[in-house]
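Thanks for coming. I will walk through one structure, starting with a term we need and then going from single residues to the whole chain.

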Amino acid sequence: MSADLLYSETERDLAAALAGLLADQAAPADVIARTERTEAYDGKLWRTVAAEIGIAGLLIPEALGGAGASYRELAAAAEQFGAFAAPIPYLGSAAVATAALLSAARSAAASSAAHSADHPAAAAADDEGGFGSAGSGPAAAVRAAQLRAAAQAPAAGASSGASAAPVSPAAALLRQLADGSLTAALAVTAATRSGTPFPALARVTGRGAAGSGTVKLTGTIPAVTDALPADVLLVPADGVPSALYLVETAAPGVHRTPRVSLDMTRQLCDITLDGAQARQVAVGAAAEAAVSAGLAAGAGILAAEQLGLAQRCLDLTVAYAKERRQFARQIGSFQAIKHRLADLWTTIALARAASRYAAACLADDDPDAPVAVALAKSACSEAAVSAAQECVQLHGGIGFTWEHPAHLYLKRAKAASVIYGTPGAHRAALADLVNIPSP
């Protein structure tokens, strides 16, 4: 694949708009103050970012009220969220949960099309807007599925004895996510990596109320990312077969316990389900594909966030090295400092290439996406940790104080390096993906 790694005008405009908003509403002093509270997430900022700027619906097709954009735009936004250590649940909702639901909706549409393969209208819709023919990426695929469903609906009603295909619950959820009225999270342990076995820590223990079409889930999922501010949870659960379920966080039997997190700008919590009522979103292979898609999106977008964080740390450190004087000279003029900053710049430049390639592969549903995501997550995580460490050390005494934001970046970089797979786990997966034998 020959990918364009440059930023488009749309991506640059989106990044500029977010940078201005975050500079005003997520200043370092404000973020530091929030980390001292029990609830560190900034709900007001999230509503502004999600609904007014439209981050919540970037990946969601226009037919469902979203922007119909791609992972490239979301990655550009993620860089800004990393640069400001923004305390908002965009990763869990706008990236991971949305990607999982897009996959589930796509599977439901494909299943519906398979049952209506002999229908002429459906065939015409496939020719005009089938999967992969209308643009690229998950939003385009689901948009094509919506066109197909619209083409099938009139004829299905006209045929005698035919019943309309049920609307996918994933599609209904996506519409609510798109307008920012709903926040979701995938209920998996934070360190879970895509490509691993189906992460079902809950199980089906009974049926819900008669006629409700629901089941009861029981189990505990520890250390879940972005679940505290979520309105709904997407819960992988064991059953016959295993499936992905929707659980409302306000429902009886759902308990969320905050954990003391290294990075308080992205809190973790333990989720306990005690006979909680749940509705099926995807089942069997479709559920596995949905969870895998969500985890891959999380790793790819988190890599972009780490890139933005690394760049901000470098910018802050270079600015400080230009103004801080020692022995009547700027400390940036010392060769030891210049070499460390130059090495860091090189590391970030390489990480940027990996991140942009991963975003491009995710946007185009490229078969190389698993390789690209594994490379990006490992490279960007290590670049972010290195940049944050240098930021703390090269700022001297002030870099170790609570008032300076350097500790925010170090904590987020370290915590994010574990979420959705550590660099080591991704490198091991990368070796398998490209057939590199172990030593």
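Helices here are DSSP runs of H or I with at least four residues, numbered from the N terminus. With that in hand, and keeping in mind that this is a predicted model, look at helix α13, which covers residues 423-433 and contains His426.

Is His426 buried or exposed? His426 has a relative accessibility of 2%, so it counts as buried, the cut-off being under 20%. Setting aside neighbours within four places in sequence, His426 is in contact with Arg193, Ala299, Ala374, Lys377, Ser378, Tyr420 and Gly421.

Keep Tyr420 in mind, as it comes up again with the cavity. The structure holds one cavity of 30 Å³ or more, and the volume of the largest cavity is about 30 Å³. Which residues line the largest cavity? They are Leu186, Val188, Thr189, Ala190, Val224, Thr225 and Tyr420. Sorted by class, that lining has five nonpolar residues, two polar ones and no charged ones. Tyr420, then, is part of the cavity lining and is also a contact of His426.

Next, a loop. Leu58 sits between α3, residues 43-52, and α4, residues 71-84. Its relative accessible area is 8%, under the 20% cut-off, so Leu58 is buried. What is Leu58 in contact with, leaving aside neighbours within four places in sequence? The list is Leu14, Ala67, Gly68, Ala69, Ser70, Glu73 and Leu74. For one of these, Ala69, we have a distance as well: Leu58 and Ala69 are eleven residues apart in sequence, and their C-alpha atoms are 5.1 Å apart in space.

Now the cysteines. How many disulfides does a search of the whole structure find? It finds zero. Two cysteines to locate on the model are Cys269 and Cys380. Cys269 has a relative accessible area of 0% and is buried. Cys380 is buried too, with a relative accessible area of 0%.

Last, the chain as a whole. The protein chain has 13 helices and nine strands. Of its 439 residues, 52% are buried. The chain exposes about 18,600 Å², and 56% of that comes from carbon and sulfur atoms. Finally, take the contacts between residues at least 6 apart in sequence: 76% of them join residues at least 24 apart.

How values were computed:
Residues numbered from 1 in each chain as written. Predicted model: local features only at pLDDT ≥ 70, side-chain atom pairs only at ≥ 80, totals over all residues. Heavy atoms only, no water. Buried < 20%, exposed > 50% of the residue type's maximum accessible area, 1.4 Å probe, protein only. Contact = heavy atoms within 4.5 Å. Areas by Shrake-Rupley, 256 points an atom, 1.4 Å probe, with all protein chains shown as cover. Disulfide = S-S within 2.5 Å. 1 Å grid on protein atoms, 1.4 Å probe; cavity = no way out; pocket = protein on both sides within 12 Å on 5 of 7 lines; lining within 4 Å. Points joined across faces, edges and corners; volume = space filled by probe spheres on them. Nonpolar A, V, L, I, M, F, W, Y, C, P; charged D, E, K, R; others polar.
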